[in-house]
Every structure is written in C-alpha cells, then in structure tokens.
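The structure comes before the comments.

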Amino acid sequence: MSEDLNVLSDDELLRRVHAREGDALMALYRRYRLRVFALVVRILQDRPTSEEVLQDLFQKLWDHPEKFDSSKGELLSWLLTVARNISLDHKRKESRRASFYVYPDVETQVELASLTEHRLDAETIHSVRQVLETLPEEQKRVLELSYFEGLTHPELAETLGESLGTVKTRIRLGMQKLKNAMSLGLLQSK
C-alpha cells in the first residue's frame with residue numbers, strides 16, 4: 001500500500017524534496033499548480049508560455065529547495081512571489097524592453113508582500129478580487145499595473161499620464177483599503 005503524500009504538510013514534503021524524493025515534489029505541484037498558474041496566466045496572457053513558467057518554477061524548487069525559508073512565510077506565498085518574478089522577467093525579455101530589470105519601488109514591494117504573507121485559499125483569493133472591484137478605478141488600475149505588469153512608480157506615472165505624487169497616493173490609498181479589509185476579517189487567511 002502506497003503512502004498518501006497529499007496529507008503531509010508542506011514542511012514534510014519539502015524535507016522529502018531535499019532528500020530528492022520526486023513524489024514529494026509532485027505532491028506539492030498538484031497542491032499548488034492551479035493557484036500559481038492562475039497568477040502566471042494573468043501576468044503573461046499566454047497559456048503555453050505560462051505552462052513553461054510553471055514548470056520552470058517547480059524545477060527551481062527541485063534544484064534548490066533550500067531557497068525556501070519557512071520562517072519567513074508560507075510556501076504558497078514564496079511560490080507566488082517566485083512565479084511572479086519569473087513571469088515578469090519573461091515578459092520583459094519578450095517585449096525587448098530595457099536590457100536591465102527594474103524592480104518595483106521598495107515601498108510597493110513591501111506593501112504587496114505583506115498581503116501575500118498569508119496562505120491564500122480560494123475563498124481568500126475571491127475576497128481579494130471582491131475588494132479590488134470595490135476600489136475606485138484609478139486605485140485598482142495602479143495596483144494591477146504595479147503587481148501584474150511590474151511597473152515602477154515612475155513608469156506608472158508615465159503610462160497613466162499622472163504625476164508621481166498622484167500615483168503614489170493612489171497606491172497608498174488602495175493598499176490601505178486592502179489592508180483594512182484584511183483587518184476587518186473580510187479577507188481571512190488560514
């Protein structure tokens with residue numbers, strides 16, 4: 001009788017990935033592939049390329065499982081962050097934009113990371129989407145462009161034809177509303 005790896009914790013599965021047990025990696029892949037894939041498709045808007053990025057992500061986990069540090073957060077948050085970075089890197093290469101990678105402003109990264117520190121289940125993701133839909137269009141647009149497109153504050157200002165101060169204010173207000181929704185229990189994490 002074979003062991004059911006689906007009942008094991010992420011930490012136990014990662015320990016087994018460290019020990020080079022391929023079945024443990026497959027269990028993690030089955031557990032998180034749909035959530036990660038949804039983010040990647042949203043960023044790249046291309047299913048075949050998104051499938052490649054998903055495979056690259058889990059190959060990175062297999063090659064370097066030690067890069068995940070459970071003391072800093074949940075595995076899903078780490079997977080989503082790495083998938084987002086791989087996707088944005090790919091998008092930049094494909095669009096032949098600047099030859100160097102420009103990271104979003106530290107302020108935006110910290111604010112967005114604080115939202116993904118929690119394990120996101122389907123209900124939480126649905127709640128985040130609902131709250132995003134309640135934001136004024138200008139705030140929603142800057143948050144989406146910043147997170148999904150990886151635009152910096154100056155790039156957002158140029159793209160939207162707004163001042164840098166206006167862009168920063170919209171990001172701050174939008175993030176405050178998302179954080180308030182989380183603190184009021186509208187967005188619950190497990």
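**Helix packing, buried positions and backbone**

1. Helices α2 and α7 are roughly perpendicular to each other, because their angle falls in the class so named (65 to 115 degrees counts as roughly perpendicular, under 35 as roughly parallel, over 145 as roughly antiparallel and the rest as oblique). The two pack at about 105°, with their axes 10 Å apart, where axes are lines fitted to C-alpha atoms, for helices over the stretch in contact, and angles run from 0 to 180 degrees between N-to-C directions. Leu39, Arg42 and Ile43 of α2 meet Glu144, Tyr147 and Phe148 of α7, contact meaning heavy atoms within 4.5 Å. By class, the residues of this contact are four nonpolar, no polar and two charged (Ala, Val, Leu, Ile, Met, Phe, Trp, Tyr, Cys and Pro count as nonpolar, Asp, Glu, Lys and Arg as charged, and the others, Gly among them, as polar).

2. The model is predicted, with local features requiring pLDDT of at least 70 and side-chain atom pairs counting only at pLDDT 80 or more, while totals for chains, interfaces and linings use all residues. Residues are numbered from 1 along each chain as its sequence is written, and side-chain values use heavy atoms, with hydrogens and water left out.

3. The secondary structure of the chain comes to nine helices and zero strands (DSSP runs, H or I of at least four residues for helices and E of at least two for strands, numbered from the N terminus). Buried residues make up 41% of the 190 residues in the chain, where buried means under 20% relative accessible area, exposed over 50% and partly exposed in between, with a 1.4 Å probe and protein chains only. Of the contacts in the chain with a separation of 6 or more, 65% are between residues 24 or more positions apart.

4. The axes of α1 (residues 10-18) and α2 (residues 22-44) come within 8 Å and cross at roughly 140°, and the two helices are therefore oblique to each other. The contact is made by Asp10, Leu13, Leu14, Arg16 and Val17 of α1 and by Ala24, Leu25, Ala27, Leu28, Arg31 and Tyr32 of α2. Eight nonpolar, no polar and three charged residues take part in the contact of α1 with α2.

5. Helix α3 (residues 47-63) has 17 residues and reaches 24 Å from its first C-alpha to its last, close to the 24 Å expected at 1.5 Å a residue, the expected span being 1.5 Å times one less than the number of residues. Its buried residues are Thr49, Ser50, Val53, Leu54, Leu57, Phe58, Leu61 and Trp62.

6. The C-alpha atoms of Val142 and Val167, 25 residues apart along the chain, are separated by 7.1 Å.

7. Arg20, although not a glycine, has a positive phi of about 70°; Arg20 is found in the loop between α1 and α2 and is partly exposed at 43% relative accessibility. Gln45, again not a glycine, has a positive phi of about 55°, lies in the loop between α2 and α3 and is exposed at 61%.
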